[in-house]
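Here is a short tour of a structure for you to follow on screen.

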Amino acid sequence: MEKILVTGSAGFIGMHLCQKLLKEGYQVFGLDNMNDYYDIIIKESRIKLLKDYENFNFVNCDILDNSGLTRIFKKFNPDKVVNLAAQAGVRYSLINPQVYMKVNVLGFLNILEHCKKFNVKGLIYASSSSVYGGNQKIPFSVDDVVDKPISIYAASKISNELMAYTYGHLFSINTTGLRFFTVYGPWGRPDMAIHLFTKNISNNKPIDVYNYGKMKRDFTYVKDIVSGTLSAIKKNYQCEVFNLGNNKVEELKKVIQLIEIKLNKKARLNLKDIQPGDVKETFADINYSKKMLGYSPSISLEEGISLFIEWYQGQDLY
Ligand SMILES: NC(=O)c1ccc[n+]([C@@H]2O[C@H](COP(=O)([O-])OP(=O)(O)OC[C@H]3O[C@@H](n4cnc5c(N)ncnc54)[C@H](O)[C@@H]3O)[C@@H](O)[C@H]2O)c1
């Protein structure tokens, strides 16, 4: 079975992907620097869960640490690499843009260099729906031009796609970029809306609702994201970029209503202006992903929120 190195394995998507790979019998090496952008306890709990599998190994390492990376690549000699390690979050990129350039751009370059040096067969990496910036044409297609990012986070993800192309051209490295659309589900990131809303509504606290609740997102359940990513690992195309979304747009207001119903509690809303850097609407055209990856999202927002809340209520982290 192939050996897969997953960076960002203590992260939300990283943990779910590792779990799926481990169940399928892959040898998985997880790497993460366990930073405190959000509560580290959730990251430690995710890793603890993965350590139950004997085909899993984990190392605390920063993708900015080249000698650490070299030791890992030498020891594990991965067939393929999935790069999920990144500074995530649009809003934080207005406060600390430097960390996005360091981790998402320089860190990604380090991964590309190691893939080159160690003859890795394929690199699959996380891009983002945010690359579409303020594009007016919806749904967003991978054929659309993406040269107007409206946050440094988005600019860093566009850079990744450009860098991946360059390494493919220069060194024949296979790369697949996955533009994830607002991923949610059990073990989800505590800085994202569905998690924040659930936590505050549960604790009878008000929630901040930007753009007066009119923000629209293509919310994608993590299991669907993992299926698309697994398919990208298996297909290992030469140089591709795919949208992984749900192909359905939902207003934030609807999300709040679904959480209220499931929690059987009324939300108190702090209605606010849209924040700088935020995109008003995201909507994935997934025709190309269907054709090339056999991607077919199957979890509705109703079902997904219900599954998230069941997880939230059953764990003792919060
Ligand atoms: N969750 C989403 O909705 C979403 C949407 C679009 C794109 N993405 C991208 O998908 C990837 C995974 O996102 P996530 O939601 O799981 O985020 P996450 O923050 O939960 O996971 C990222 C992980 O990377 C680790 N990390 C950060 N900097 C690192 C470094 N320098 N070295 C090693 N590890 C480092 C973090 O500790 C974290 O565990 C990211 O690249 C993110 O930008 C996520």
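Helix α1 gives the most to the shell around the ligand, with three residues. Helices and strands here are DSSP runs (H or I with at least four residues for helices, E with at least two for strands), numbered from the N terminus. Please keep in mind that this is a predicted model, in which local features need pLDDT of at least 70 and side-chain atom pairs count only at pLDDT 80 or more, while totals for chains, interfaces and linings use all residues. Residues are numbered from 1 along each chain as its sequence is written.

**The ligand shell**

Around the ligand there are 28 residues, and G8, G11, A85, A86 and A126 come nearest. To be near, a residue must have its C-beta atom, placed from the backbone, within 6 Å of the molecule. At least two residues of the shell come from each of α1 (12-23), α5 (97-117) and β5 (122-128). By type, the shell divides as follows, with Ala, Val, Leu, Ile, Met, Phe, Trp, Tyr, Cys and Pro counted as nonpolar, Asp, Glu, Lys and Arg as charged, and the others, Gly among them, as polar.

| Residue type | Number in the shell |
|---|---|
| Nonpolar | 14 residues |
| Polar | 10 residues |

Seven strands make an open, parallel sheet in the order β3-β2-β1-β4-β5-β6-β11. β3 (56-60) and β11 (239-244) stand at the edges with a single partner strand each, so one side of each has no neighbour in the sheet. Strands count as paired if DSSP finds at least two bridges between them. β5 and β6 (residues 175-180) pair in the parallel sense over six bridges. Within this pairing, L123 stands opposite T175, and I124 has T176 as its bridge partner.

All six of the six residues of β6 are buried, so the strand is largely enclosed by the rest of the structure. Buried means that 20 or more other C-beta atoms, placed from the backbone, lie within 10 Å of the residue's own. On one side of β6 the covered residues are T175, G177 and R179, and on the other T176, L178 and F180.

**Helix α6**

The 20 residues of α6 (residues 152-171) should span 28 Å at 1.5 Å a residue, and the end C-alpha atoms are 28 Å apart, which agrees. The expected span is 1.5 Å times one less than the number of residues. Among the buried residues of α6 are I152, Y153, K157 and Y167. Just after α6, S172 takes a positive phi of about 55 degrees.

Conventions. A residue is buried if 20 or more other C-beta atoms lie within 10 Å of its own, exposed if 12 or fewer, and partly exposed in between; C-beta atoms are placed from the backbone.
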